[in-house]
Amino acid sequence: MLTRLQDKAVGCLVGAAVGDALGGATEGWTPQDIRRRYGGAVEGIVPPFNEDWRNARPIAPYHKGDGHITDDTLMTHALVRAYLKAGRHLDAYAVAEYLVPEMMAERRWVPELEEEALLLQRVFLAEKWIVARLHYGHVDPREAGVGNIVNCGAAMYMAPVGVVNAGDPDGAYAEAVDVAGAHQSSYGREAAGVFAAAVAEAMRPGATPGTVVDTALRLAKDGTRAALEAVCGRARELDDWREAAPALRAAMAPYDTVADTYRDQGLGARRPSRVHAVEELPVALAFLLIAGGDYRDTVLGAVNYGRDADSIASMGGAVAGALGGRAAVPEEWSGRVAAASRTDLEAPALDLAEVVCRIREDDQERRREREGAFAELAAAADETAGRR
């Protein structure tokens, strides 16, 4: 029998991985492209968009689709292992101490490559940046993200931070912003903090899609907040993910630096800004609202949206899975994804839940010490005032 914490942690991380795997097949394409390729909306696990995936550009040589998890999940699981090794809350220095050595030295099965490889060999340049800056550049970890392209690279794997800070969105936001400083700057780093906060709220018993979005809006800054307001506001007027993509894209476009033709990059694309936002998080939360928190519809909306579909579906799946727990994620999907990816999807979540309990015990001890110190300070002040 799982505890509520374990159940929600499994729902979150398995939900993220399944969303990632389903969205991998449609990444980079438009809703129209997707429907033409698959003869209608995607309703589950499908083959790669390009059948000749080994030679297809610009994604080759990655085997996306067929239930394969992508770098979103590989990085998420690597962050879980960093928590297990550290046994404490993480910060930017922990990225240098735990995450970078694993990326450089530990070979693991990479489904998209169909072989064992280093994580460094699979991730894109925005994630290779972490190794270049921290290992080779010896940059202060808190500042290493400055200069990297601004995208959802850090946000895509921040779900574990939300689980560690379950029920404490403010703590999750602060921790994720610190951790992500080693990877991203500007609105990419902000998205990491807000996504972790959304997961932390979704982990809270009694949370709803509405409280998740309200929490994200309360904590978000600058363009990220404006984009969330616009996209989630539009989502509240919609009730069918199958028809939602054009309206959500129109609401997001003023805040996005990536063109409607997804792979066309203008001069201002992915550069620091206080008025822009990454697309993935607002759209993921929008589909969560449209689906009323239902896992299946949240993920399918994201998968059929296209563009950065694996990250959108992974984020939406993490939040919906945390809200609904393990049972929210369809077993016919999770079982096939685990088998196709040769990856145990539940073990990282259960391991993380165990370390969360130890971290919370340490948090409580520090809190007791602070309260004791403050009680003495307040008492001393009262006594001094009385003598006067």
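Trainee: Does H10 pass H11 in a left-handed or a right-handed crossing?
Mentor: First, a word on the model: it is predicted, so local features need pLDDT of at least 70 and side-chain atom pairs count only at pLDDT 80 or more, while totals for chains, interfaces and linings use all residues. Residues are numbered from 1 along each chain as its sequence is written, and side-chain values use heavy atoms, leaving out hydrogens and water. A crossing is left-handed if the near helix is turned anticlockwise from the far one by less than a right angle, and right-handed if clockwise. For H10 and H11, the crossing is left-handed.

Trainee: Is H10 roughly parallel or roughly antiparallel to H11?
Mentor: Helices are DSSP runs (H or I, at least four residues), numbered from the N terminus. The axes, lines fitted to C-alpha atoms over the stretch in contact, of helix H10 (residues 209–219) and helix H11 (residues 222–235) come within 8 Å and cross at roughly 150 degrees, on a scale from 0 to 180 degrees between N-to-C directions. Angles under 35 degrees count as roughly parallel, over 145 as roughly antiparallel, 65 to 115 as roughly perpendicular and the rest as oblique. That makes H10, relative to H11, roughly antiparallel.

Trainee: Which residues of H10 make the contact?
Mentor: Contact means heavy atoms within 4.5 Å. On the H11 side are Arg225, Leu228, Glu229 and Cys232, and on the H10 side are Val213, Ala216 and Leu217.

Trainee: How many aromatic pairs does the structure hold?
Mentor: Rings of Phe, Tyr and Trp (its six-membered ring) pair if their centres lie within 6.5 Å; planes under 30 degrees apart count as stacked, over 60 as edge-to-face and the rest as tilted. By that rule, the number of aromatic pairs here is 5.

Trainee: What kind of pair do Tyr62 and Phe124 make?
Mentor: Their ring centres are 5.7 Å apart. Their planes stand at 90 degrees, so the pair is edge-to-face.

Trainee: Is Tyr62 buried or exposed?
Mentor: Buried means under 20% relative accessible area, exposed over 50%, partly exposed in between (1.4 Å probe, protein chains only). Phe124, at 36%, is partly exposed. Tyr62 has 12% relative accessibility, so it is buried.

Trainee: Which residue lies over the face of Tyr62?
Mentor: A charge sits over a ring if NZ of Lys or CZ of Arg is within 6 Å of the ring centre and within 35 degrees of the ring normal. At 4.1 Å from the ring centre of Tyr62 lies Arg122.

How values were computed
Helix = DSSP H or I, 4+ residues; strand = E, 2+ residues; numbered from the N terminus.
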